[in-house]
Amino acid sequence: MCSRYELTAKPRELARRFGLVTAPALPNMVEFRPTDQALVIQPAGIGVLMAWGLRPKWSAKPLINARAETLTEKHTFRPLLESRCVVPASAYFEWRKSDDGKKLKNRIAADDDIIGFAGLHDGTAFAIVTCRPAPTIAHIHGRMPVILSAEGESKWLDPTLPFVNVATALAPYDAASLVAIEETPPPPTQRGLFD
């Protein structure tokens, strides 16, 4: 997954959608990039702001993604398997490389307006769990965020369920309901005779 997603929903919509105790405070932005403060949902309907990107001692760059296939093998993520969260989003962005080498921005969303990514957190920062892409968007990028179903969100946030019981939720989202819209690059500007 790339390093950008959006959240356009209002606090009341998010409170209703995720069963939050109170409407969450939101940063004054729509597009989120690594290190930005973003909303994450924790168990018991608690919405908090955390930085996007875990900061392990061994890496100068924040870790914004965690591969679902290797979570139990990686020293960085293994201790966080019981510190699960859901990251609300309206869509995420991915760049497709065209035949002529240009990077074309794609906005990828589900039919449902608000989606929830599987996440792991350390109390102050989070990473989004990724998986192989759904077949309909595989031509855009080789990874995608894990988008949880409503049942998957409930299980992912259930602190009584160990990771082994929720790991099956870490799969590509139903491809039929994913929509990718590619941004059309502007046409090249034609220079005038005396420019």
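Buried means under 20% relative accessible area, exposed means over 50%, and partly exposed lies in between. Thr-35, with a relative accessible area of 43%, is therefore partly exposed. Keep those words in mind as you look around this predicted model. Two places to begin are an open sheet of five strands and a nonpolar core of 56 residues.

**The open sheet**

- Five strands line up in the order β2-β1-β7-β8-β12, with antiparallel pairing.
- At the edges sit β2 (31-32) and β12 (178-182), each of which pairs on one side only.
- Strands β1 and β7 run antiparallel and are joined by two bridges. Within this pair, Tyr-5 has Tyr-92 of β7 as its bridge partner.
- Next in the order, β7 and β8 pair in the antiparallel sense over six bridges. Here you can find Glu-94 opposite Asn-106 in β8.
- β8 and β12 are also antiparallel, and five bridges join them.

**The hairpin turn**

- β7 and β8 form a hairpin, with five residues between the two strands.
- Gly-101, in the turn, has a positive phi of about 90 degrees.
- Ser-98 belongs to the loop between β7 (91-97) and β8 (103-110). Is Ser-98 buried or exposed? Its relative accessible area is 14%, so Ser-98 is buried.
- The side chains of Ser-98 and Asp-100 are joined by a polar contact of 2.2 Å.

**The nonpolar core**

- Which residues touch the most other members of the largest nonpolar core? They are Tyr-5, Phe-126 and Trp-156, out of the 56 residues in this core.
- Several helices and strands each supply at least two residues of the core, among them α1 (11-18), β3 (37-42), β4 (46-52) and α3 (163-166).
- The largest share comes from β10, which gives six residues.
- Leaving aside residues up to four places away in sequence, Trp-156 touches a list of residues that includes Cys-85, Val-86, Leu-120, Val-129, Leu-148 and Phe-163.

- Leu-14, Ala-15 and Phe-18 are buried in α1. Looking down the axis of α1, you would see its buried residues fall within an arc of 100 degrees, so they line one face of the helix.
- There is a handy rule behind patterns like this: an α-helix has 3.6 residues a turn, so residues three or four places apart point the same way.
- What covers the buried residues of α1? The cover includes β3, β6, β9 and α2 (150-156).
- On the face of α1 turned away from its buried side, you will find the exposed residues Arg-12 and Arg-16.
- After α1 comes Gly-19, with a positive phi near 60 degrees.

**Cysteines**

- How many disulfides are there? The count comes to zero.
- Cys-85 is in no disulfide, and the nearest cysteine sulfur, that of Cys-131, is 16 Å away.
- As a reminder, a disulfide is a covalent bond between the sulfur atoms of two cysteines.
- Cys-85 has 0% relative accessibility, so Cys-85 counts as buried. Cys-131 is buried too, because its relative accessible area is 1%.

**Loops worth a look**

- Thr-8 lies in the loop between β1 (5-6) and α1. With 38% relative accessibility, Thr-8 counts as partly exposed.
- Thr-8 touches Val-30 and Ser-90, when residues up to four places away in sequence are not counted.
- Thr-8 and Asp-113 are 105 residues apart along the chain, and their C-alpha atoms are separated by 9.2 Å.
- Thr-35, found in the loop between β2 and β3, has a positive phi near 80 degrees although this residue is not a glycine.
- Ala-44 is another residue other than glycine with a positive phi, in this case about 70 degrees. Look for Ala-44 in the loop between β3 and β4.
- Is Ala-44 buried or exposed? At 66% relative accessibility, Ala-44 counts as exposed.

Methods
Residues numbered from 1 in each chain as written. Heavy atoms only, no water. Helix = DSSP H or I, 4+ residues; strand = E, 2+ residues; numbered from the N terminus. Buried < 20%, exposed > 50% of the residue type's maximum accessible area, 1.4 Å probe, protein only. Polar contact = N/O pair within 3.5 Å; in protein donor to acceptor, adjacent residues only side chain to side chain. Pairing = 2+ DSSP bridges. Core = buried A, V, L, I, M, F, W, Y, C linked by side-chain atoms within 4.5 Å. Contact = heavy atoms within 4.5 Å. Arc of directions from axis to C-beta. Disulfide = S-S within 2.5 Å.
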